[in-house]
Amino acid sequence: MSAETPLESDQVPGYVDGSAPEYVLYEVLKDLCLNNAKHFESHDNETGLRLHGAFLALIDHVETVKPAVDYVRKEAPSYDFDENTPGNGYASFVSVVDACIRHGVKLCKQVCINRDSFFFRASYYMREVEACSHLLASLVTCLAHLRQLMEWSEPGELFPSGDHSPQDLLAKAESINQYCFYGRCLGFQFCESVQIVLKAISIAMASYSDVYYGEGGFVSRATNTVWNGGKYFMDPELRARRIVNISQYADVQFCKSFWFLAESEVMQRLPMIVCPALVVNKVISIPPEPLEHTKPDGSVIQIPIPTVHIGPQPLLVRLMSAVWREGMVGEAAGKTDTRPPSPALIFHCHGGGFVAQSSSSHEPYLRDWARRLGVPIFSIDYSLAPEAPFPRALDELVYAYCWALKNCHLLGSTAQRVVLVGDSAGANLNMALALKCIELGLQPPAGLFMAYAPVLVSFVPSPSRLLCLMDPLLPFGFMMRCLKAYASPKDTQGKLVNSGATSVDETPELAEMGSTAANDAVEAEAAFEAVEACFSTQPNGVPATGSDTESFEEVSESDLAALAALSVGGMTARQLLQPEADQITPMRYVLDMDIDSEGHQIPVLRACPGEVAEENVIFQVGQRVDGYGFQERVTQMADSLASTVSSSFSSLLASKASSPTNSNECDTPSRSTWSQLDALMQRSPTEEFQFSVPRDPFLSPYWASDDVLKQLPPVSVLSSQFDPCLDDCVMLAKKLRGLGNNVTLDVLEGLPHGFLNFSLLSKEAHEGSKLCVKRIMNLLKMEPSPDGSPEKSPI
């Protein structure tokens, strides 16, 4: 080993292992790079020459970045919420640069220690050092853009003043090399426990894009998934190129489809295994029927049924509780451990970019919250964009909120103190709900808890929003498309979505009946769907939620009676909405052929609802005629077995278009080729994001008037250091504080946007989840118990 090789960190002048990344660490990195550059200077092979050049380039980038980051470091504190709560987009970028320097020091030390070893992997470290050099060069470009944002903004303001279009933000994004953030250095800025999770998610995203945009049948694409995962694990550069291309050019349906992987059966069963058990975990269907709400002054207001975009639909909500409460839905008679109704209620709204996820995908941390708080949690599964853009979800939240207040006895609560809790898109919706309560004079909530909330749904550039360029969970293109799908449906779908459309308008048969009959048909359909959902089971006979104690809530006897009595055009609801037995065509499964990615024919099992020659039928699955019994369960089991072979991926790819083929009479999935994504890449993202967002306070609560914001209840805001929505949270907290509101702000270090979903996988994320519980307790005016158990909770 060379005598000039520093074996230990204390041999490097000025370096203290574990010290804060101040400028002494920048000098340490330069010394280490210079040491390694001298060592490889004499190497005449390509790898040695590239290592020598990479270390010299890294030295140049360190010298360039130091004055740039120093300027931002000095200015960043003036943008904080207060001196006790440091955190804003500028400070986050300073932390990112410091993390890059630490990463470089660690890498250079490894080279110094191992470079003379027989097992030294020169080509591996060459790529690692080059990646670190490219990373630092990109951060230099980011810092230059941050200085431009400072010039656009007033002192202390994170949002620039004046009119800056989305093109201003896009122009900055296009000038930054994003590939270095998703390759070998992916997630370098986050805490170590999160880095592992983010790397796995990135590999899954790249692999899933091969399945989504790949060619061949479902079976062939599913078979290639394992190979693709290994390919992206072994080749970080290939993974980086794939992720950047996806984030820039893939449509919102890909985002929606990928995020819905969290809704798969395996992921839904996982919380039941590793999370605290709940005595109540029920999904309830709220039918779309007239609803009255009594205001605090005693007057009565009619709450409109949500009909915008997709017409009246049953609204699914989830009730979660760690203890039984009197009157609670599903309470068994004679229980000795039943408690009185809680005076508190948590009204939860999940995140997902307005386009994906549900209360089920947020169960991991909601179960823990239900146990620690001992308060019923009422979570809303609102309709998602782009099929149901703004303001559909908000209308449903208003309806669900009033329904919960009127039927609080069914939820095990008296609803004296209702706290609105939401993360990401759910936090935006809950704040809009609080504004609606003020506008309509509804019973106001007792508090509002918001985690990493986007309160300005507009393409105003800010320093933290540039973090999307390096965020594995919320890439820049994903964020833009989700906001566009929710806030600008006219541009998303090519035409303005009919804001007054109902299911009656979309059903010609009902439209011909006249208004009275049509309304009855809508009510019948809603009631019938609710009844059908009650008996939804899995093949093993247990409820769809996977537990006999965590089931789908049944409708009341009055609903059943109303359904039986309801008739449209002389036909009962069941006759109208369900075909007769002789009209049902059995589902038959045939063996078909498809073409894989290499042009070979492969066997594929397909479902054919039409007439098929008997010799081609592999097996047949009957349809339910009436009732619910053993025969139906057997057919469901056979159906599940068949779908396991050929349809396991179809549910994930359901959003993709399909085209008919000439094979028998079956409809086969479209043979999507790589040219699909290639065609999308031919257009510029700048052209796609040329659209406007309405300046609506219910869409962007930050734009609400001061008079309205002053009436908000106590607000607790929580964000993370590398959250693209950090500036939204900081600016909202500063605005509310300036108006005299009761507001708190927490900024957690080392965590990404959406960290609550990783509370089972990361210690730091779990600690962040516990802090959320503490803030919610403060809003509920609860005293935390020593062990966090609901039995010792005063509520």
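I take buried to mean under 20% relative accessible area, and by that cut-off Asn 430 is buried, because its relative accessible area is 0%. I note at the outset that I am working from a predicted model.

**Entry: Asn 430 and Phe 347**

I looked up where Asn 430 sits and found it in helix α13. Setting aside neighbours within four places in sequence, I listed its contacts as Phe 347, Cys 349, Leu 397, Leu 420, Val 421, Gly 422 and Leu 448. I then turned to Phe 347, again leaving out neighbours within four places, and found that its contacts include Asn 430 and Leu 433, together with Phe 378, Ile 380, Leu 397, Ala 400 and Tyr 401. The run Val 418, Val 419, Leu 420 and Val 421 is also in contact with Phe 347.

**Entry: the nonpolar core**

Which residues have the most contacts inside the largest nonpolar core? I found Phe 254, Phe 347, Trp 369 and Phe 378, in a core of 208 residues. Helix α4 (residues 122–152) gives this core its largest share, 15 residues. I also checked the domains, and the core takes at least three residues from each of domain 1 (22–169) and domain 2 (268–486 + 693–780). As background I wrote down that nonpolar side chains tend to be buried together in soluble globular proteins.

**Entry: the chain as a whole**

Of the contacts between residues at least 6 apart in sequence, 79% join residues at least 24 apart. The accessible surface comes to about 33200 Å², and carbon and sulfur atoms hold 53% of that area.

**Entry: salt bridges**

My search of the whole structure returned 21 salt bridges, and I followed three of them in detail.

The pair Glu 363 and Arg 318 meets through its side chains at 3.4 Å, N to O. This pair links distant parts of the chain, since Glu 363 belongs to helix α11 (residues 363–373) and Arg 318 to strand β4 (residues 315–321), 45 residues apart. Are these two partners buried or exposed? I record Glu 363 as buried, with a relative accessible area of 3%, and Arg 318 as buried too, with a value of 6%.

Lys 436 and Glu 439 form a salt bridge at 3.4 Å, N to O. The two are three residues apart in helix α13 (residues 425–440), which means that about one helical turn separates them. Lys 436 counts as buried because its relative accessibility is 18%, whereas Glu 439 counts as partly exposed at 49%.

Glu 27 and Lys 30 meet in a salt bridge at 3.7 Å, N to O. Both lie in helix α1 (residues 23–40), three residues apart, or about one turn of the helix. I find Glu 27 partly exposed, at 31% relative accessibility.

**Entry: a nonpolar patch on the surface**

I located a nonpolar surface patch made of Met 267, Leu 270, Ile 273, Val 274, Leu 760 and Leu 761, with about 570 Å² of accessible area together. Leu 760 lies in the loop between β17 (743–748) and α25 (763–780), and it is partly exposed, with a relative accessible area of 42%.

**Entry: backbone details**

I looked for cis peptide bonds and noted one joining Ala 385 and Pro 386, with omega about 0°. Pro 386 is in the loop between β6 (377–381) and α12 (392–406). Another cis peptide bond joins Phe 390 and Pro 391, with omega about 5°, and Pro 391 is found in the loop between β6 and α12.

His 309 has phi near 75°; it is placed in the loop between β3 (300–303) and β4, and it counts as buried at 8% relative accessibility. Tyr 452 has phi near 35°, again a positive value in a residue other than glycine. I place Tyr 452 in the loop between β8 (447–451) and α14 (476–487), and I record it as buried, with a relative accessible area of 0%.

Technical notes
Residues are numbered from 1 along each chain as its sequence is written. This is a predicted model: local features need pLDDT of at least 70, side-chain atom pairs count only at pLDDT 80 or more; totals for chains, interfaces and linings use all residues. Side-chain values use heavy atoms; hydrogens and water are left out. A salt bridge is a side-chain nitrogen of Lys or Arg within 4 Å of a carboxyl oxygen of Asp or Glu. Helices (H or I, at least four residues) and strands (E, at least two) are DSSP runs, numbered from the N terminus. Buried means under 20% relative accessible area, exposed over 50%, partly exposed in between (1.4 Å probe, protein chains only). Patches are made of residues with over 30% relative accessible area and no salt bridge: like charges are joined within 9 Å, nonpolar side chains (Val, Leu, Ile, Met, Phe, Trp, Tyr) within 5 Å. Accessible areas come from the Shrake-Rupley method with a 1.4 Å probe; for residues, only the protein chains shown count as cover. A nonpolar core is a set of buried Ala, Val, Leu, Ile, Met, Phe, Trp, Tyr and Cys residues joined through side-chain atoms within 4.5 Å. Domain bounds come from an automatic or database domain assignment. Contact means heavy atoms within 4.5 Å.
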